[in-house]
Amino acid sequence: MIWNPHYETLGRNDLERLQGERLGELVDRLHRRVPFYRRRMEERGVKPADVNRIADITRLPFLNKDDMREVYPLQLLAVDLSEIVEVHTSSGTTGLPVVDAYTSKDLGIWAESMARTLAMGDTSRSDVVHNAYGYGLFTGGLGVHYGARLIGATIIPISGGNTVRQLSILKDFRATVLTCTPSYALHLAEAAREQGLDFQGLPLRVGLFGAESWSESMRRELEAKMRLKALDIYGLTEVIGPGVASECEVQDGLHICEDLFYPEVIDPQTGQVLPDGAKGELVLTTLTKEGTPMLRYRTRDITFLDHSPCRCGRTSVRMHRLLGRTDDMLIIRGVNVFPSQIEEVLLRLEGVEPHYQLIVEREERLDSLEVQVEMNERLFSDEIKQLERAERRIAEALFAALGIQTRVKLVEPKAIPRSEGKAKRVIDKRK
Ligand SMILES: [Zn+2]
């Protein structure tokens, strides 16, 4: 089901014309109302009159994560504070939180983009949405909530945590749509198995999983364990929250709501815009947002774009599922490694569970990567020799895929801490 056929199937020329108009209006507004943006434009010698088409976007300055410190908390505000009706922030685990301030119209844009996302999983009025994203300053919970309300579905606003209760509510209210992080979905699936709850008997049919990068193998794992179709969704607090992009039923890239959020992929070193298929950093511009608009915001997320037509009928550009983040990227003895690449390898192997942690250390000025992986019950019962053989086999598979030596350590079932939100995959002791 396509929620908004007009915008989601717009022809490329019409779409670009619309994007160009919206960008021109945005730049004009930001130049008048936000001193920070005006200064940046002046530094680059660009005036609002220079921006007439969407292609002119490359003349505008980037906004970096580091700039967000300078504009904290509300220096990017483009409206009077009295027009703000809601505020969300990022977790701020690595510094000051990033603020998103919404006007009433912005909440409408958010509900619209999330309704499109939910509709990719065929969510309609007759669905029951079990929303296990956290409610609060984090955007996950309320983003799904507003989208589901616009559709008219029944929302179970359970938020994160309390897994035992989650499962009984999921069963008793006969949820058909599950929304949470992929790592939490996996945790729910495991807990269900321990309690003898079989997903076969439940009406659950689709899961919208995001807020973390996850792999194709993880998708297969979740689909088999929970007997649902698992779709990847993408968003970030700075831009709106979830709702920026999501997978359709074809499961081949995430459609970006590009009438609302204009995407570019750039070379993170040079800032050059890259063509379709070339991996780089995703940059997003909020074309219609009023409260705290983002102009060419560098997300640090690594992906590539694909403008080819999709079988679902939507014409919007697709981004490949996240390949990692520029700040998650581990540089091990000069080789770039993303946790998602390691996950992909691990989940292909027999005897191991999709729970892992990466420990990076520096020993005698050399980086070392230890990969701790949980074994399943069957492998656990084997003798030491067999385990050593399994560790060697995993290390060889990782070497073949990544080109680096790793130390693989199998740990007993349940040894890796489970997350109720975003999983912590990397412990970098070099910092
Ligand atoms: Zn599609």
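**A zinc site and its surroundings**

Hi everyone, let's start with Pro73, which is found in the loop between helix H4 (67–70) and strand S1 (84–89). When I say helix or strand, I mean a DSSP run (H or I and at least four residues for helices, E and at least two for strands), numbered from the N terminus.

Some housekeeping before we go on. This is a predicted model, in which local features need pLDDT of at least 70 and side-chain atom pairs count only at pLDDT 80 or more, while totals for chains, interfaces and linings use all residues. Residues are numbered from 1 along each chain as its sequence is written, and side-chain values use heavy atoms, leaving out hydrogens and water.

Now to the metal. Which residues coordinate the zinc ion? They are Cys248 (SG), His255 (NE2), Cys310 (SG) and Cys312 (SG), at 2.1 to 2.3 Å. Donors here are N, O and S atoms within 2.8 Å of the metal (3.2 Å for Na, K and Ca), and water is not among the atoms, so sites may look incomplete. The angles between the four donor atoms run from 100 to 113 degrees, which makes the arrangement tetrahedral; that label requires all angles between 85 and 135 degrees. Along the chain, the donors follow the spacing C-x6-H-x54-C-x1-C. Distant parts of the chain are linked by Cys248 and Cys312, which sit 64 residues apart. Cys248 lies in the loop between strand S8 (241–247) and strand S9 (254–256), and Cys312 in the loop between strand S13 (305–306) and strand S14 (318–319). Both Cys248 and Cys312 are buried, that is, under 20% relative accessible area, with over 50% being exposed and anything in between partly exposed (1.4 Å probe, protein chains only).

Next, a residue in helix H2 (residues 12–33), namely Arg12. Is Arg12 buried or partly exposed? With a relative accessibility of 27%, Arg12 counts as partly exposed. Beyond its neighbours within four places in sequence, Arg12 is in contact with Glu258, His307, Thr315, Ser316 and Val317, where contact means heavy atoms within 4.5 Å. Arg12 and Val317 are 305 residues apart in sequence, yet their C-alpha atoms are 9.7 Å apart in space.

On to a pair of helices. Helix H8 (residues 182–194) and H9 pack at about 35 degrees, with 10 Å between their axes. These axes are lines fitted to C-alpha atoms over the stretch in contact, and angles run from 0 to 180 degrees between N-to-C directions. From H8, the contact uses Pro182, Ala185, Leu186, Leu188, Ala189 and Arg193; H9 contributes Met218, Glu221, Leu222, Lys225 and Met226. Within H9 (residues 216–226), the buried residues are Ser217, Met218, Arg219, Leu222 and Met226. Arg227 follows H9 and has a positive phi, near 50 degrees.

Ala211 is not a glycine but has a positive phi of about 75 degrees. Ala211 is in the loop between strand S6 (206–210) and H9, and is partly exposed at 33% relative accessible area. Arg300, in strand S12 (residues 297–303), also has a positive phi, near 70 degrees. Arg300 is partly exposed as well, with a relative accessible area of 22%.

Terms used
Tetrahedral: all angles 85-135°; square planar, octahedral: opposite > 155°, others 65-115°.
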